[in-house]
Structures are given as C-alpha cells and as structure tokens.
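Subject: the structure I promised you

Hi,

Here is the structure we talked about, with my notes below it. Have a look at it first, then read on.

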Amino acid sequence: MTDAERSIFTRIADREIPADIVHETDSLIAFRDIAPQAPVHLLIVPKTERYANVVELAEGDPALLADIVSTAGRLAHEHTGGQFRLVFNTGAEAGQTVFHVHAHLLGGRLEEGTLA
Ligand code: 5GP
C-alpha cells in the first residue's frame with residue numbers, strides 16, 4: 001500500500017500524524033476526535049484498515065467488533081461516567097468521511113442538532 005492509500009487513522013496509529021491517544025492495544029487504538037461533537041468524543045479504530053465500515057467488520061471479524069464495543073464501555077467509564085452513544089457512520093450519504101471503520105464514542109451533554 002502506498003503512503004497516499006493509507007488511511008488517516010493508520011497514519012495516526014503509526015505516529016505519523018499527532019493525535020491525543022487515550023488507549024491502544026495490538027488490535028485497536030482510541031483517540032480524541034479533532035472536531036468534537038460532544039464534551040467527550042473519542043474514535044475507536046481497529047488497526048487493520050481491511051474493513052471500510054461496521055457491516056464489513058461484523059461480517060469479517062465479529063470478535064474485533066465486540067472488542068470495539070467492550071472497549072467503548074471501559075473508556076466510557078473512564079471518560080464519561082459510563083453513559084454514552086456509539087455511532088458508526090456508514091456510507092458517504094450518512095456522513096462517513098473516513099472509509100476505515102471507526103466508532104464514535106460520544107459522552108456528556110450532546111450539542112444540539114448533532115448526530116441525532
Ligand atoms: P466519519 O465522518 O467518517 O464518521 O468520522 C471521521 C471523523 O474523523 C470525524 O469526526 C473527524 O473529525 C475525525 N478526523 C478526521 N481527521 C482527523 C485527524 O486528523 N485527527 C483526529 N483526531 N480526528 C480526525
């Protein structure tokens with residue numbers, strides 16, 4: 001894969017682009033969204049960029065999807081007191097801009113009109 005083809009999230013995981021990383025394992029990484037839509041807005045991203053969206057991930061590696069969801073629960077306890085929304089934008093018309101599957105973990109009071 002050429003540099004231009006690697007996703008922005010792979011480049012964050014590889015420390016080529018700075019980000020506020022809050023959690024990392026061999027298989028996934030979590031960091032703060034650069035344009036937060038809620039008081040706490042984390043992105044949880046599998047390190048593989050084989051899956052463009054959550055449906056592909058569910059079909060290709062359900063254990064990795066479960067890992068994302070349980071990681072969201074743990075991070076929500078650390079960052080938001082345990083209550084949260086988990087959003088997977090799927091498709092450009094649904095607002096997806098990065099085609100490397102990722103979960104938005106949103107916590108705290110949501111801004112009006114966002115992601116409803
Ligand atoms: P999508 O619209 O694909 O569901 O979400 C992509 C998210 O990635 C957006 O919320 C956007 O703010 C975030 N994002 C895009 N580029 C960067 C970046 O360079 N750093 C960080 N931390 N977040 C980014």
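I'll start with a cut-off: a residue is called buried if 20 or more other C-beta atoms lie within 10 Å of its own, exposed if 12 or fewer, and partly exposed in between. Take Asp33: it has 17 C-beta neighbours inside 10 Å, so it goes down as partly exposed. Keep in mind that this is a predicted model.

On confidence, the chain averages a pLDDT of 93, and 92% of the residues score at least 70. For the complex, the predictor gives an ipTM of 0.99 and a pTM of 0.94.

Now the ligand. There are 14 residues around it, and Ile34, Ala35, Asn89, Thr97 and Val98 come nearest. Sorted by class, that shell has eight nonpolar, four polar and two charged residues.

Next, the annotated residue. The UniProt entry, which is unreviewed, puts "active site" on His102. You'll find His102 in the loop between β4 (85-87) and β5 (103-107). Is His102 buried or exposed? It counts as buried, because it has 28 C-beta neighbours inside 10 Å. Setting aside neighbours within four places in sequence, His102 is in contact with Phe9, Leu43, Ile44 and Val45.

The loop between β4 and β5 also holds Ala92. Ala92 has 9 other C-beta atoms within 10 Å, so this one is exposed.

Then the core. The largest nonpolar core has 21 residues, and Leu42, Ile44, Ala72 and Leu105 touch the most other members. Two or more residues each come from α1, β2 (28-32), β3 (40-46), α3 (62-80) and β5. As background, nonpolar side chains tend to be buried together in soluble globular proteins.

Leaving out residues within four places in sequence, its contacts are Val22, Ala30, Phe31, Arg32, Asp33, Leu75, His79 and Leu105.

That list brings us back to Asp33, which sits in the loop between β2 and β3. With residues up to four places away not counted, Asp33 touches His41, Leu42, Leu43 and His104. Asp33 and Thr80 are 47 residues apart along the chain, and their C-alpha atoms are separated by 15 Å.

His23 is in strand β1. How exposed is His23? Partly: it has 15 C-beta neighbours inside 10 Å. Not counting residues up to four places away, His23 touches Ala30, Thr71 and Leu75. His23 and Ile44 lie 21 residues apart along the chain, with 8.8 Å separating their C-alpha atoms.

One last thing, on the backbone. Which residue has a positive phi although it is not a glycine? That would be Arg15, at about 65°. Arg15 lies in the loop between α1 (8-13) and β1 (21-24), and it counts as exposed because it has 9 C-beta neighbours inside 10 Å.

Cheers

How values were computed: Residues numbered from 1 in each chain as written. Predicted model: local features only at pLDDT ≥ 70, side-chain atom pairs only at ≥ 80, totals over all residues. Near = placed C-beta within 6 Å. Nonpolar A, V, L, I, M, F, W, Y, C, P; charged D, E, K, R; others polar. UniProt positions renumbered as here; feature names shortened; annotations may be inferred. Helix = DSSP H or I, 4+ residues; strand = E, 2+ residues; numbered from the N terminus. Contact = placed C-beta atoms within 7 Å. pLDDT = per-residue confidence, 0-100. Core = buried A, V, L, I, M, F, W, Y, C linked by C-beta atoms within 7 Å.
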